[in-house]
Amino acid sequence: MSTSKQSIFSQSYGQAISACRDGFRVVRQRGPSQIQFWFIALVIGIGAGFAALFFRKGINSLQSFLYGTDDVQHLHSFAQSLPWYLILTIPIVGGLVVGVILHLFTRDGRARSVAEVIEGAAMREGRVETRAGLASALASFITLSSGGSTGREGPVVHLAAVISTKVCRLIKADGVTGRDLLGCAVAAAVSASFNAPIAGALFALEVVLRHFAVHAFAPIVIASVAGTVINRLEFGGVTEFRLAQPEMLQFYVELPAYLMLGLVCGLVAVVLMRAVFWADDLGTVVQTRTHLPRWLRPAVAGALLGGIAIFFPHIIGVGYETTSLALTGTLGLQQVMIFAVIKVIAVAITMAGRMGGGVFSPSLMVGALTGLAFGLIATGVFPDVSGSVTLYALAGMGAVAAAVLGAPISTTLIVFELTGDWQTGLAVMVSVSLSTALASRLVHRSFFLTQLERRGVHLAAGPQAYLLAMFRVTSVMRKPDDPRAADDDACWDMIREGTYLDASATLEAAMPVFETASAAFIPVVALRGEDRPPELLGALFHVDALRAYNRALAATAAEEHS
């Protein structure tokens, strides 16, 4: 072998040995911490799974006690035989208890749900409010047990987020770790609630974390599987809904019908969401004008729900009995249309009454009813080229829910896992894609993001829109003792002209001031009252604000692509 070849061989061999040593060092140093992190994810998954299980069984037990039936799966049918005053009274009392709980333990009288979890993931390093979260879970538990017309997934997701928040504080997790553990908790809660491990993991990534980073996938899947195992230990491997028979899709012939169904479901989803927001605004106006105490607002909503339930008991609780009837095609067209309208009204009243609960289960029910109504009409007009109406109900269920959640991938999988029917995927996917595309143009992408947008939290537009709101000007400004501080005389001149920033302001409020003033810096002051002059705390420089913003954008991009 020549000298040059020996030299090349020796160099390559040395590089290989060095690479092996570096790899062993990485495994030795990071391996145990990674395994430890996965173990924590497993523990959180188990805790969130049990929380979801106990929440579900607790609702069934309290419903059984309040309404006097051992079969809560057919509560709607049983409620038709109950005295009217009992159906009216139960939600009123439940609303009164809910109002007192939320008044005492939350600052605004609102029950926390999925929207707050999404905000916590984006802006609070994966943390949520614990005290208000526990109170919200209890309030939603009472609401769903006493006649409220919402779903259980919202409070369960937030309850799981409370668990992950406690763990994050215990181990002093940073932002990336906190968000990953939050995703683990959410995945386990959804999986345990619906016996849907695949959809649970994707829901956490798609809806809560809003990215599909590889580093978060493994722990979230571990937690999701743990939640599913807990569900199946109690309920077995059965699906939530059972279809009457396997459906065969005449795809090419019926494709236009499912395209139209997707558009119809998108509009129905928008009506459902806007009905909730309109009712909430109306409730606030009525509460303000009548000087109604905020702790009585849920009781008033309970009275309205009780009055509706006397004639339409299908609005009570989660509504899985009616959803099952729609999926088996045992309801007539007139029933379906009336039930869908009344359910939308009931959901709007419950949410506007600040009673708590989630929106996913109601959207499944409304979607199944919408799909069945569409199918009954379509098969009646074109009986020779149409399949079964139950397939339209299944596709409609997924289409409305996906549009409401803004989560076409995880919702499609949830529908499959809830029904166990994987042969109808084409119909569901076509309807889901069009409904989501349409609804996202008419609202801020989803129900949850629109909720946050109404509160001034701009997550729908992406990190570039909300990152500025995460920085207080006091954390970025230069203080007077800084060597590069702004000139005091120049600062006071700007203050006298009315160009300054309050100490409580964020960079989101500061950037428009820079554009208007065309200045290199803006004074930051503490306002002490009308009769006292402001106190100069420092100055925010435009270049410092941009630097902080760029760093935050880079960190977000690095996390989402790691």
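Colleague: Why is T165 called buried?

Modeller: T165 has a relative accessible area of 0%, and buried means under 20%, exposed over 50% and partly exposed in between, with a 1.4 Å probe and protein chains only; so T165 counts as buried. This is a predicted model, where local features need pLDDT of at least 70, side-chain atom pairs count only at pLDDT 80 or more, and totals for chains, interfaces and linings use all residues. Residues are numbered from 1 along each chain as its sequence is written, and side-chain values use heavy atoms, leaving out hydrogens and water.

Colleague: Thanks! What is T165 in contact with, leaving aside its neighbours within four places in sequence?

Modeller: Taking contact as heavy atoms within 4.5 Å, T165 touches G126, R127, V128 and T130.

Colleague: What makes D280 and R354 a salt bridge?

Modeller: The definition asks for a side-chain nitrogen of Lys or Arg within 4 Å of a carboxyl oxygen of Asp or Glu. For D280 and R354 the N to O distance is 3.1 Å, so the pair qualifies. D280 is in helix α10 (residues 251-290), and R354 is in the loop between α13 (333-352) and α14 (360-381), 74 residues apart. Helices here are DSSP runs of H or I, at least four residues, and strands are runs of E, at least two, numbered from the N terminus.

Colleague: And why are D280 and R354 called buried or exposed?

Modeller: D280 comes out at 9% relative accessibility, so D280 is buried; R354, at 12%, is buried too.
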